[in-house]
Amino acid sequence: MAIKGADIVKKLPGTNCKECGSPTCFGFAMKLASGSTTMDKCPYLSPEVRAELEEVMAPPMKLVTIGCGANALSIGEEEVMYRHEKTFIHQPGIALLVSDKEDDTAIEHKIRKIEELQFERVGVRLKADLLAVSFDSGDRLRFEAVVRRVSDTATSISVTKKSLILISSDLDALFAARDICAHQKPLLYPITAENINAAIPKIKQKPTPVAVRGEGVESLIPLTTKLREAGIEEIVLDPGSKNLTEAVRDQTLIRRAALKHGFRLLGYPTIVFPCFTTAGVMEEILTAAAFIDKYASIIVLSDIERDSLYPLLVQRLNIYTDPRRPMTVEEKIYEINEPTTNSPVLVTTNFALTYFAVSSEIEGSKVPSFLCVKDTGGLCVLAAWSAGKFTGDTVGPFLKKCGIADRAGNKRAIIPGLAARIREELEDELPTWEIVVGPREASDIPTWLPAQVEKWKQH
Ligand code: SF4
């Protein structure tokens, strides 16, 4: 937020009437500045003051949504330069380029690939987000046919709906393609200094997001000015950077201008094209990786493969995870490999990475098991133990309360090797239970667990 409470209060009536629920106008101003209340709570703001406050309090980077429905992609609205300051908010969309010069088989292959290349990690589904259709053939009918094919895919109930980017320097071809799928809110690219006057009336006929392309950051300013004056606000920026060095500089300039200086004319998300500016697959993927950190909102790739897309998606997940909130899973009993009576019971914390590491190793062990996951506020085993959230007197009551003894038909609990020191406390809490210390590393579970089960059988 660009304005402080002390500045807001100067614009309030100053009567301290309390109707907004705050004891004073100053209190209300502080709440407004922190985002914990809204302007409509004060009935005495003039329309002029309200408009002025809305302008200064608007996010420094506009939110833009491409597509519609469950797979609509929202980008922008970022608030910080560095993730450790707070969090990055809207992760960049990864787009797969489809040229209308490619033959139908290749296009079908790409459509299938973007659908099939999806991954599960820490309970999150990772996937590419958009299809970018480029007019390269010079044949408008061919371009329209490809757009129709891709947008049909996007509306089919049998596949994931993908949001679309339409790319054409031929304005008539661009808007003819837009008319085919306007209801899907595609992103139109590029709006340039040369075509903007002709483009504005066409954009306004069926509003969808547009991406402006300039020759350098400064050249974007007259373009966004014109669009804003025409009432078009869903804008994405391409400064036309020619290589990675220029691109990182330009992306940083745009982000800094918007966030640090409140410069509204550059307060928009950005699009980058490693597919056009790099020479080979490896360079393209490494460039895309740099853009995930610095600060692209859409990254267009010429192709995607399992071994290149997955690392990019994991990197994106890591960078856009809120560092203030650990990723967690629900506190409950998880059944792995279809456990039955007398299956072993393991205990761990609800830090998502811990849970997924342990559960996948148990799965790999092929031993039917119960995994009791205790809520530790998202802390891993050692951190939870040192914070007093994974101790004998917290794990014991949890095991009693969750009812695992009835469900598993036994009173044997395997605790993580890293928490071996809670064993005695736990035995005091659960005197009728057998407490076994498991391996320190989850990766040892596949060998340790079958051997332990065998040991129990022989006793
Ligand atoms: Fe001040 Fe408005 Fe709140 Fe009254 S309602 S105390 S005028 S901010």
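The ligand takes up the space that forms the largest cavity. The model is predicted.

**Ligand site**
- Around the ligand are Pro13, Thr15, Asn16, Cys17, Lys18, Cys20, Cys25, Phe28, Cys42 and Pro43.
- By class, the residues of this shell are seven nonpolar, two polar and one charged.
- Asn16, one of the residues around the ligand, is found in the loop between α1 (5–8) and α2 (25–34).
- Although Asn16 is not a glycine, it has a positive phi of about 55 degrees.

**Helices α6 and α7**
- Helix α6 covers residues 171–181 and helix α7 covers residues 196–205; the two pack at an angle of about 5 degrees, and their axes are 11 Å apart.
- Because angles under 35 degrees count as roughly parallel, α6 is roughly parallel to α7.
- On the α6 side, the contact is made by Leu171, Asp172, Phe175 and Arg178.
- On the α7 side, Ala198, Ala199, Lys202, Ile203 and Gln205 take part.
- The contact of α6 with α7 has five nonpolar, one polar and three charged residues.

**Helices α11 and α12**
- Helix α11 (residues 281–293) packs with helix α12 (residues 306–319) at an angle of about 10 degrees, with 10 Å between their axes.
- α11 and α12 are therefore roughly parallel to each other.
- From α11, the residues that make the contact are Ile285, Ala288, Ala289, Ile292 and Asp293.
- α12 contributes Ser308, Leu312, Gln315, Arg316 and Ile319 to the contact.
- The residues of the contact of α11 with α12 divide by class into six nonpolar, two polar and two charged.

**A cis peptide bond**
- The peptide bond that runs from Tyr189 to Pro190 is cis, and its omega is near 0 degrees.
- Pro190 has its place in strand β8, which covers residues 187–191.

Definitions and conventions. Residues are numbered from 1 along each chain as its sequence is written. This is a predicted model: local features need pLDDT of at least 70, side-chain atom pairs count only at pLDDT 80 or more; totals for chains, interfaces and linings use all residues. Side-chain values use heavy atoms; hydrogens and water are left out. A residue is near a molecule or strand if one of its heavy atoms lies within 4 Å of it. On a 1 Å grid over the protein atoms alone, a cavity is a set of points where a 1.4 Å probe fits but cannot get out, and a pocket is an open set with protein on both sides within 12 Å along at least five of seven lines; lining residues have an atom within 4 Å of a point. A molecule sits in a cavity or pocket if more than half of its atoms lie within 2 Å of its grid points. Ala, Val, Leu, Ile, Met, Phe, Trp, Tyr, Cys and Pro count as nonpolar, Asp, Glu, Lys and Arg as charged, and the others, Gly among them, as polar. Axes are lines fitted to C-alpha atoms, for helices over the stretch in contact, and angles run from 0 to 180 degrees between N-to-C directions. Helices (H or I, at least four residues) and strands (E, at least two) are DSSP runs, numbered from the N terminus. Angles under 35 degrees count as roughly parallel, over 145 as roughly antiparallel, 65 to 115 as roughly perpendicular and the rest as oblique. Contact means heavy atoms within 4.5 Å.
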